[in-house]
Amino acid sequence: MVSLNKVMIIGNVGGDPEMRFTPSGHPVTSFSVATNWLTNTPEGERKKETEWFNVTAWDKLAEQCNQILSKGRLVYVEGRLRTRSWDGQDGQKHYRTEVVANRVTSLDRAPSAAGEAGGGDAGGDINPEDIPF
């Protein structure tokens with residue numbers, strides 16, 4: 001049986017990424033991405049709708065996202081959808097759908113600052129092979 005679970009989004013990072021570690025020491029970084037969709041109302045007016053995606057990245061990609069991304073950056077994210085569930089303290093079942101990233105690309109240039117990490121082109125892919133350490 002054939003199946004496909006692939007997500008590609010381009011949008012702006014909604015807040016600074018948050019990196020944490022699992023009990024076994026694996027880094028995971030979470031951030032949100034807003035995408036915009038333009039539609040026409042029946043009255044002929046243009047209307048912008050914003051959709052938010054929760055994104056998680058693991059291991060080296062998590063570390064790179066935490067170092068390079070910041071609020072407002074334009075990014076391309078590729079990954080798969082995953083829905084987690086847990087029982088809350090209120091006894092209710094909670095669900096959260098998120099994009100588990102396997103590729104994140106910054107589409108704009110980082111603001112030029114003297115203390116910028118890497119000092120080079122931060123607008124390219126942030127694949128693990130691109131980082132010199």
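Visitor: Is Thr105 buried or exposed?
Guide: Happy to start there, and keep in mind that this is a predicted model. Thr105 sits in strand E6. Its relative accessibility is 8%, and the cut-off for burial is under 20%. Thr105 therefore counts as buried.

Visitor: How far apart in space are Thr105 and Val75, C-alpha to C-alpha?
Guide: Along the sequence, 30 residues separate Thr105 from Val75. In space, the C-alpha to C-alpha distance for this pair comes to 5.6 Å.

Visitor: What share of the contacts between residues at least 6 apart in sequence join residues at least 24 apart?
Guide: Contacts here are pairs with heavy atoms within 4.5 Å. Of those in the chain between residues at least 6 apart, the share that joins residues at least 24 apart is 55%.

Visitor: How much of the chain is buried?
Guide: The chain has 133 residues. Taking under 20% relative accessible area as buried, the buried share of the chain is 32%.

Visitor: Which residues have the most contacts inside the largest nonpolar core?
Guide: In soluble globular proteins, nonpolar side chains tend to be buried together. Here the largest nonpolar core has 16 residues.

Visitor: Why are the buried residues of H1 on the same side of the helix?
Guide: The buried residues of H1 are Leu61, Ala62, Gln64 and Cys65. They are on the same side of H1 because they cover an arc around the axis of only 165°.

Visitor: Which elements do the buried residues of H1 pack against?
Guide: The partners of the buried residues of H1 are E2, E3, E4 and E6.

Visitor: What is the phi of Asp59, and is this residue buried or partly exposed?
Guide: Asp59 is found in helix H1 and touches His26 and Pro27, not counting residues up to four places away. Its C-alpha atom is 9.2 Å from that of Phe21, 38 residues away along the chain. At 35% relative accessibility, Asp59 counts as partly exposed. Although Asp59 is not a glycine, its phi is positive, about 55°.

Visitor: Which element gives the largest share of the lining of the second largest pocket?
Guide: This pocket holds about 180 Å³ of space and has 14 lining residues, with Arg20, Ser30, Thr56, Arg96 and Glu98 nearest its centre. E2, E3, E4, E5 and E6 each give two or more residues to the lining. The largest share, four residues, comes from E3.

Visitor: How many residues of that lining are charged?
Guide: Among the lining residues, three are nonpolar and four are polar. The number of charged residues is seven.

Notes: Residues are numbered from 1 along each chain as its sequence is written. This is a predicted model: local features need pLDDT of at least 70, side-chain atom pairs count only at pLDDT 80 or more; totals for chains, interfaces and linings use all residues. Side-chain values use heavy atoms; hydrogens and water are left out. On a 1 Å grid over the protein atoms alone, a cavity is a set of points where a 1.4 Å probe fits but cannot get out, and a pocket is an open set with protein on both sides within 12 Å along at least five of seven lines; lining residues have an atom within 4 Å of a point. Grid points are joined across faces, edges and corners, and a volume is the space filled by probe spheres set on the points. Ala, Val, Leu, Ile, Met, Phe, Trp, Tyr, Cys and Pro count as nonpolar, Asp, Glu, Lys and Arg as charged, and the others, Gly among them, as polar. A nonpolar core is a set of buried Ala, Val, Leu, Ile, Met, Phe, Trp, Tyr and Cys residues joined through side-chain atoms within 4.5 Å. Buried means under 20% relative accessible area, exposed over 50%, partly exposed in between (1.4 Å probe, protein chains only). The arc is that of the directions from the helix axis to the C-beta atoms.
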